[in-house]
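The following exercises concern a two-chain model and are each followed by a worked solution.

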Amino acid sequence: MATMTMAKALNAALADAMLDDERVLVFGEDVGQLGGVFRITDGLQARFGDKRCFDTPLAEAGIVGFAVGLAMSGLRPVVEMQFDAFAYPAFEQIASHVAKLRNRTRGALSVPMVIRVPYAGGIGGVEHHCDSSEAYYAHTPGLKVVTPATVEDAYSLLREAIADPDPVVFLEPKKLYFASADAQLPARTAPFGRAVVRRPGTDATLVAYGPAVPVALEAAEAAREEGWDLEVVDVRTIVPFDDATVTASVRRTGRCLVVTEAQGFAGVGAEIAARVQERCFHALHAPVLRVAGLDIPYPAPMLEHIHLPGVDRVLDTVARLQWDDRPDPRWLAQGSAA
Amino acid sequence: MTTTPQAVRRASPRTRRPATPVAPEPTAGLLPQAEPVRLLDPDGTPLPPRADLPAPPVEALREMYRRMVVGRRFDAQATALTKQGRLAVYPSSRGQEACQVGAVLALRDDDWVFPTYRESMALTARGIDPVEVLTLLRGDGHCGYDPTVVRTAPQCTPLATQCVHAAGLAYGESYQGRDTVALAFIGDGATSEGDFHEGLNFAAVFKAPVVYFVQNNKYAISVPLSRQTAAPSLAYKGVGYGVPSEQVDGNDPVAVLAVLTRAVAHARAGHGPYLVEAHTYRMEAHTNADDASRYRDPDEVEAWRDRDPVARLEAYLRGRGELDDAAVAQVAAEAEEYAADLRTRMNAQPVVDPLSLFDHVFAEPTPQLVEQREMVRAELAADAEGDA
């Protein structure tokens with residue numbers, strides 16, 4: 001057991017995957033000599049040579065499209081999009097080719113690849129560096145969408161992503177890159193498709209993923225003072241989604257709050273809330289609520305703390321989970337117009 | 001795969017420079033010729049041979065003629081099938097036979113082709129079963145052939161996106177020690193898309209053995225070339241990426257095959273990508289759903305009839321004594337047989353399995369897909385019971 005950052009664990013996962021499988025190529029912008037702007041690929045070029053870890057022209061559609069061709073030739077590309085919003089030029093390649101090639105060719109061609117995307121905010125980044133872009137990918141059939149919240153998960157999920165026969169969009173919460181934890185590598189945590197209960201509790205379930213998981217855990221700790229014992233479920237893999245673990249938790253607790261950093265409208269949190277409501281209706285003591293980012297373009301750094309769901313906003317929303325069996329006064333006030 | 005670092009050579013400080021340094025023209029070998037390469041006059045008369053461009057062997061040209069005739073008949077049959085409602089839509093490549101056939105003849109069977117939706121003729125000329133080629137347009141699947149078997153990517157509808165795939169595949173093949181070449185088809189309109197430029201640039205930077213083959217048929221649906229580019233020719237787009245380029249008369253079968261053969265050889269020899277622009281003309285509308293009379297002058301279309309590539313090659317081969325009436329009739333009969341067989345097989349209603357909708361979304365279906373599959377299965381069972 002050693003203390004390490006998520007960045008280090010991701011780096012170790014890439015190195016171990018390259019060691020185990022010579023088909024694995026790591027490329028993108030500044031990933032070679034520099035080791036990536038977040039140093040996730042640090043040392044890989046020196047260790048494996050510039051044919052296996054290399055810089056490309058600064059063109060995201062080109063990077064992903066090039067990876068499609070490499071995967072067709074039998075290689076295993078792992079590409080880095082430098083930041084969430086910088087990946088948008090690649091979206092056509094991702095949505096029209098990466099996600100669909102297996103289906104279009106009735107399984108004859110597959111394009112196993114990993115598209116690593118540092119995502120979400122909380123680091124004081126200027127505009128176009130802090131988007132929560134998971135909904136775009138999760139809404140695209142054919143992509144697996146994965147986001148770790150712990151150091152060991154970062155290692156294990158990335159190894160699994162590289163070995164997976166399908167393309168994986170691997171979303172790395174930037175604000176957790178340099179958070180440390182005790183970890184034993186090589187870690188093997190729960191596989192794709194399994195959510196994990198990070199904190200058991202009896203009164204309500206907080207469902208979160210990626211950067212929202214530490215927020216939910218902190219809120220759950222703080223909620224003890226209010227007399228609430230909250231369970232926290234970490235989704236881990238948005239696609240494939242683990243309905244079973246989430247619904248089992250909510251049926252047990254009877255209340256559910258979905259916490260996401262992304263803006264809420266039409267987001268992954270909305271999907272989770274709908275799925276919980278469809279499956280747990282008779283076990284629910286309150287409507288499923290959401291705490292999400294505001295429905296605004298990602299704000300300037302000095303205002304991001306208001307945009308991002310924090311512990312207070314989570315606890316305020318937990319308070320609205322009808323603890324005394326009365327309807328939420330907000331809905332009553334709005335009457336039928338709601 | 002070895003990753004031996006390249007030896008770094010340093011010039012000795014005592015190395016003398018040549019007394020009279022001659023800087024090579026930086027664009028040497030990159031720019032196309034000012035006029036499209038042409039080896040036959042429009043009437044099939046051979047032009048003087050060129051030292052820099054070996055003429056294709058006559059056996060290859062006879063084969064080219066055969067495939068062009070069969071290809072044109074296939075194209076006409078596919079258009080007819082659309083009118084009969086057997087195909088949802090068909091983008092014809094009539095008039096572009098020299099390009100469609102020349103491209104595949106310049107390649108080996110184990111090379112890769114990255115076609116667009118207008119390359120149905122090229123794919124059949126490559127030997128892919130025409131019913132499999134038309135699966136996309138018949139509507140019973142997205143790609144009827146197995147790309148790994150016929151070394152041909154699915155026909156690409158999102159414009160120019162295949163250009164970067166070709167670069168990646170070609171680089172991946174050479175990285176793994178194979179001498180495969182990739183040829184990416186693209187139209188004039190799609191050269192305005194970013195992925196065309198990213199493809200050229202990636203291929204050049206990584207020295208990927210790719211031939212980018214632009215069929216400039218003058219229109220992107222209705223929009224003329226003048227709205228796509230202000231460049232002297234589309235072949236001039238290579239120089240900015242360090243990619244050698246050539247332009248060719250796309251209705252001159254001999255020139256098309258000669259130029260593409262040279263381009264493929266360049267790529268296979270490890271010199272990186274090559275860009276070829278063929279000047280040709282789409283004789284039909286964009287698809288059967290389009291009305292070309294809204295944007296093209298009939299006189300313009302008529303003028304291109306005089307440059308018909310099939311008649312041109314036939315005249316040339318007849319002039320060389322390589323083709324006679326009997327041979328022409330034999331090829332025509334083969335083409336009729338090909339079309340009749342296609343007609344028969346396309347008239348059979350394809351069997352589609354609704355539950356196959358859930359196949360191949362992922363290697364293994366997600367629990368949610370298993371659930372939806374069960375829902376559809378139950379719906380179908382209920383429908384069947386209702387019908388009974």
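**Exercise 1: the interface**

In the contact between the two chains, 39 residues of chain A meet 37 residues of chain B, a contact being a pair of C-beta atoms, placed from the backbone, within 7 Å. The model is predicted: local features need pLDDT of at least 70 and side-chain atom pairs count only at pLDDT 80 or more, while totals for chains, interfaces and linings use all residues. Residues are numbered from 1 along each chain as its sequence is written, and chains are lettered from A in the order in which they are written.

Task: determine which elements give two or more residues to the side of chain A that touches chain B.

Solution. Step 1: these elements are α3, α4 (91-98) and α5 (101-104) of chain A; helices are DSSP runs of H or I with at least four residues, strands runs of E with at least two, numbered from the N terminus. Step 2: α3(A) supplies the largest share, nine residues. Step 3: by class, this side of chain A holds 16 nonpolar, 14 polar and nine charged residues. Nonpolar here covers Ala, Val, Leu, Ile, Met, Phe, Trp, Tyr, Cys and Pro; charged covers Asp, Glu, Lys and Arg; the others, Gly among them, are polar.

**Exercise 2: the sheet of chain A**

Task: state in what order the seven strands of the open sheet lie, and why β3 and β12 of chain A each have one side without a neighbour.

Solution. Step 1: the order in chain A is β3-β2-β4-β5-β7-β6-β12, with mixed pairing; two strands pair if DSSP finds at least two bridges between them. Step 2: β3 (53-55) and β12 (237-239) of chain A are at the edges with a single partner strand each, so one side of each lacks a neighbour in the sheet. Step 3: from one strand to the next the twist averages 20 degrees. Step 4: helix α3 (residues 60-72) of chain A lies across β2, β4 and β5 (114-119) of chain A, at about 170 degrees to β4(A). Axes are lines fitted to C-alpha atoms, for helices over the stretch in contact, with angles from 0 to 180 degrees between N-to-C directions.

**Exercise 3: a residue of chain B**

Task: identify which residues of chain A A167(B) touches.

Solution. Step 1: leaving aside residues up to four places away in sequence, the residues touched by A167(B) include F66(A) and G69(A). Step 2: from chain B, G199(B), F202(B), A203(B), F206(B), A208(B) and V210(B) are also touched by A167(B).
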